[in-house]
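Dear colleague,

Please look through it first, and then read my notes on what was found in it.

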Amino acid sequence: MKDKLLKYSINLSIAALIVIVCAGAGYCAGEVAEQAVPQSSGLHSAIIKFLKAMGGVAISSIIIYLGLTIYNKFFVHPRLDGNLEEDVLRTPRSKDEALTFFIKKNKIK
């Protein structure tokens, strides 16, 4: 029950953040904005479209990063096998280190 409530509150906060960002950017405003100056250059309108697309990519990346950070913090458990991450990717320098690592990795006693 508590997990469902936590998931619901996280999803609700992410949805609220998306609505706030969209409203701030003017996409969900509901009003048609009048164009003050007609754009005569095709290059200018292409640049504006490109910047809007890159802004959307940046906002999406930030939202995904925050969502995954929250998910990892609450729902992913730490490693249970006892091996540290720096030990897993570290290359042994001698036979003794290699044997110790092999014994730890395979839980040989």
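In which helix does Phe50 lie? Phe50 belongs to helix α2, which covers residues 42–75. Please keep in mind throughout that this is a predicted model, and that every value in this message was computed from it.

To begin with the overall picture, the secondary structure of the protein comes to four helices and zero strands, so that, because helices and strands are taken as DSSP runs numbered from the N terminus, the order of the elements reads α-α-α-α from that end. Of the 109 residues in the protein, 3% are buried, and the protein exposes about 9900 Å², of which carbon and sulfur atoms supply 66%.

On confidence, the mean pLDDT of the protein is 75, with 58% of its residues reaching 70 or more. Among the elements, α2 has the highest mean pLDDT, at 92, whereas α3 has the lowest, at 60. Where pLDDT is low, the predicted coordinates should not be read in detail.

Returning to Phe50, its relative accessibility is 49%, and it therefore counts as partly exposed, since that class lies between the 20% limit for buried and the 50% limit for exposed. Phe50 also contributes to a nonpolar surface patch of about 600 Å², which it makes together with Leu43, Ile47, Leu51, Met54 and Val57.

Helix α2 also holds Tyr71 and Phe75, which sit four residues apart, about one turn of the helix. The count of aromatic pairs comes to one. That pair is formed by Tyr71 and Phe75 and is tilted, with 5.4 Å from centre to centre and 40° between the planes; it is called tilted because its angle falls between the limits of 30 degrees for stacked and 60 for edge-to-face. Both residues are partly exposed, Tyr71 with a relative accessible area of 45% and Phe75 with one of 23%.

Helix α1, residues 2–25, is where Ile10 is placed, and at 15% relative accessibility Ile10 counts as buried, because buried means under 20%. Ile10 and Ile70 are 60 residues apart in sequence, yet their C-alpha atoms are 8.4 Å apart in space.

Towards the other end of the chain, Arg90 is found in the loop between α3 (85–88) and α4, and Arg90 is partly exposed, with a relative accessible area of 47%. Along the chain Arg90 and Phe101 are 11 residues apart, and their C-alpha atoms are separated by 9.8 Å.

Helix α4 runs over residues 95–106, and its 12 residues should span 16 Å at 1.5 Å a residue, which agrees with the 16 Å between its end C-alpha atoms. Just after α4 comes Lys107, which takes a positive phi of about 55°.

With best regards

Technical notes
Residues are numbered from 1 along each chain as its sequence is written. This is a predicted model: local features need pLDDT of at least 70, side-chain atom pairs count only at pLDDT 80 or more; totals for chains, interfaces and linings use all residues. Side-chain values use heavy atoms; hydrogens and water are left out. Helices (H or I, at least four residues) and strands (E, at least two) are DSSP runs, numbered from the N terminus. The expected span of a helix is 1.5 Å times one less than its number of residues. Patches are made of residues with over 30% relative accessible area and no salt bridge: like charges are joined within 9 Å, nonpolar side chains (Val, Leu, Ile, Met, Phe, Trp, Tyr) within 5 Å. Accessible areas come from the Shrake-Rupley method with a 1.4 Å probe; for residues, only the protein chains shown count as cover. A salt bridge is a side-chain nitrogen of Lys or Arg within 4 Å of a carboxyl oxygen of Asp or Glu. Buried means under 20% relative accessible area, exposed over 50%, partly exposed in between (1.4 Å probe, protein chains only). Rings of Phe, Tyr and Trp (its six-membered ring) pair if their centres lie within 6.5 Å; planes under 30 degrees apart count as stacked, over 60 as edge-to-face and the rest as tilted. pLDDT is the predictor's confidence in each residue, from 0 to 100.
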